Amino acid sequence: MDEIKRISKRKNSNGQIRAESLFKRSLVIIGAAMVILVLGILLTLIIESVPSIRSLGLKYLWGTTWDPVNNIYGAAPFLLGTVLTSFLALIISIPFSFAIAVYLGEYNPKGWLSNFLKNTVELIAAVPSVIYGFWGLLVLVPLVRSLEMKLGILPYGIGIFTASLILAVMIIPYAASLGREMIRLVPSPLKEAAYSLGATRYEVLTNVILPYTKSGLFAGILLSLGRALGETMAVTMVIGNTSLIPTSIFAPGNTMASVIANEFTEADHAVYLSALIELGLVLFLVTVVINMIGKRIIKRFTNE
Amino acid sequence: MKKFLEIFKQSLTAFALVMTAITGIQTKVEAQADDKTILGAGSSFINPLYSKIFADYNQKTGIQVNYQSIGSGGGILQLTNKTIDFGASDGPLNDEQSTKIGVPVLHIPQASGAVVITYNLPGNNNLISLTPDIIADIFLGNIKIWNDPRIIAINKGVDIPAFPILVAHRSDGSGTTNIFTNYLSKVSSDWKTKVGSGGAVNWPAGLGGKGSEGVSGLVKQTPGAIGYVELIYALQNKLDYAKIKNKKGNFIIPSIASVTAAGNVKLPDDSKIFITDTDAPDGYPISGFTWALIYKEQNYNGRSQDRATKLMKLMWWNIHEGQQFAEPLNYSPLSKEALKVAEKILKSATYNGKPIL
């Protein structure tokens, strides 16, 4: 009797209502803290790059010389290196991630083989990037070098192309996992209807599944591009780290993230340090812009 | 809109609270620097030697030294912010850093290090010899092939294959690069005007590897490659390195003894000098000191005289008893001349204007 009384009392009390609203409010606050964090990072980057912006101006973006001794900083080679490696990696990785997504999502969604393949692909994402760097240096570089010898170009072995290969391997799981989930979410009545009309499996794939999952597949690709843009360690180890404008995809180069990682700890004058932070700001903005373009494209596809 | 502002205000408060908490924790950490602990930070080059010296010092005196190997630049920054008792750097303070600190900082030589030229020439078992102008031209990208007439001329009897030269340099800013480029600027006016010297420079040729292991990896993998690493690293990893012609015209094999010899010359009173291209006849030319940095006036930030004295005693120990640990760890101990100057510098440190030692 007492028990029932107590429960009913609590249910009706103001305390319960207050707790509910407190819970809701804390959810909002924690969420908003993320927004403040991102804005805070952006603000810090902007404030810290002021000395560099002041002394170099917009020339920073298309200058091609990076000379810490004479305090001349141009980010163009690194901007180019970042965009080049990321998109090259994306192009290399798309056939693989797409194939894995379709196979695991449609052709073989259950069973030990499917599970094994799925777990292996997910493991690729879990391996620390420095390990990819080592693997690239010890295995991939000699392979690329012998390829370069056959092609008759300077056999450095390391360079933009090698970095793109490593990046491609690293970003496959992102697009593959998301694509697989998307393909699984296609309602079976849709597929069954197509089959009942006499469509083959391939026809179902191209006419039903792909149109239905287009935006999801694209989002996965975008996610992997984001990863490729910011990857530092593995790229640093195989890209050659020169601040010259790359002349071909086999030439050595450098990316923004790897320059920051390389030079930040020993940047010994104010403008130098600030120029490196501005590099971070540019990287931040490039990522934001690419994300925004991606969102726009996804929206257009889904509104069709 | 009002609601949004409300939420924003609340989250700001929450954020501020978190930040206060973090700062509180930080203050606590700093307060751990009690009377029995001395704090240092900087050069990663000297870290193995310091670890050994400080462990021994702790056993004998009970005083603990907490040294963080965060790189010379970081050490100088922390000294500027007065969060440590001493910094350690592979290069002297530059003008900008001195201006930022604003008060005199003493540079106390701790040991010598050297940079060796390492290379990969398959089928060659002899040490090759190099002259300063050849090294400069290789790293400038002017000499592109190993069997260049100038290289052959000074390597009579050594089999030099016709490999193309691949230059490997450090991609990260480092004291090693600083010493190496300082040497090249001294011996080549071309290098001085085109590239200059510093912890990171705009390399006219070659590929960058991250860290000593990155450079030596490039060199080991590529036939015909040439690069530069610390002597210690080369000794520990059994790399090939070249004999180099010094200012007096002798070809010197880099070794602990020849590096110490390089510092056995007349030094300026503040020891703030790169001993590259040394005058010593038996000295290896690409050598340099690594320094500990302390404030000349030790009464700052409310430091006690007791703490200042403890720091000075530690520094005195480093340049005397501590030197015995240098050679077993492949560091070059201070030369007689360097020790004399270091003692004099230490004695010039003051507390309230009065000498401490």
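Predicted model: local features only at pLDDT ≥ 70, side-chain atom pairs only at ≥ 80, totals over all residues.
A residue is taken as buried here if 20 or more other C-beta atoms lie within 10 Å of its own.

Figure 1. The fold of chain B is built from 13 helices and 13 strands, and its C-alpha atoms sit in a box of roughly 75 × 65 × 35 Å along the principal axes. Look at contacts with a separation of 6 or more, and 73% of those in chain B join residues 24 or more positions apart.

**Figure 2. Where chain B meets chain A.** Chain B brings 33 residues to the contact, and chain A brings 30 residues. On the chain B side, helix H1 (2–31), helix H3 (72–80), helix H4 (95–101), strand S7 (207–209) and helix H9 (211–221) each put in at least two residues. H1(B) gives the most, with 7 residues. Sorted by type, the chain B side has 20 polar, 10 nonpolar and 3 charged residues.

**Figure 3. The largest nonpolar core.** This core counts 160 residues, and A:Val238 and B:Ile117 are the ones that touch the most other members. Helix H7 (residues 160–184) of chain A supplies its largest share, 16 residues. In chain B, domain 1 (32–112 + 288–355) and domain 2 (114–287) both contribute residues, so the core lies between them.

**Figure 4. Close-up on B:Ile117.** Which residues are in contact with B:Ile117, leaving aside its neighbours within four places in sequence? They are B:Leu130, B:Ile135, B:Ile226, B:Tyr228, B:Tyr241, B:Ala242 and B:Ile244.

Notes
Residues numbered from 1 in each chain as written. Chains lettered and ligands numbered in written order. Helix = DSSP H or I, 4+ residues; strand = E, 2+ residues; numbered from the N terminus. Contact = placed C-beta atoms within 7 Å. Nonpolar A, V, L, I, M, F, W, Y, C, P; charged D, E, K, R; others polar. Core = buried A, V, L, I, M, F, W, Y, C linked by C-beta atoms within 7 Å. Buried ≥ 20, exposed ≤ 12 C-beta atoms within 10 Å, placed from the backbone. Domains from an automatic or database assignment.
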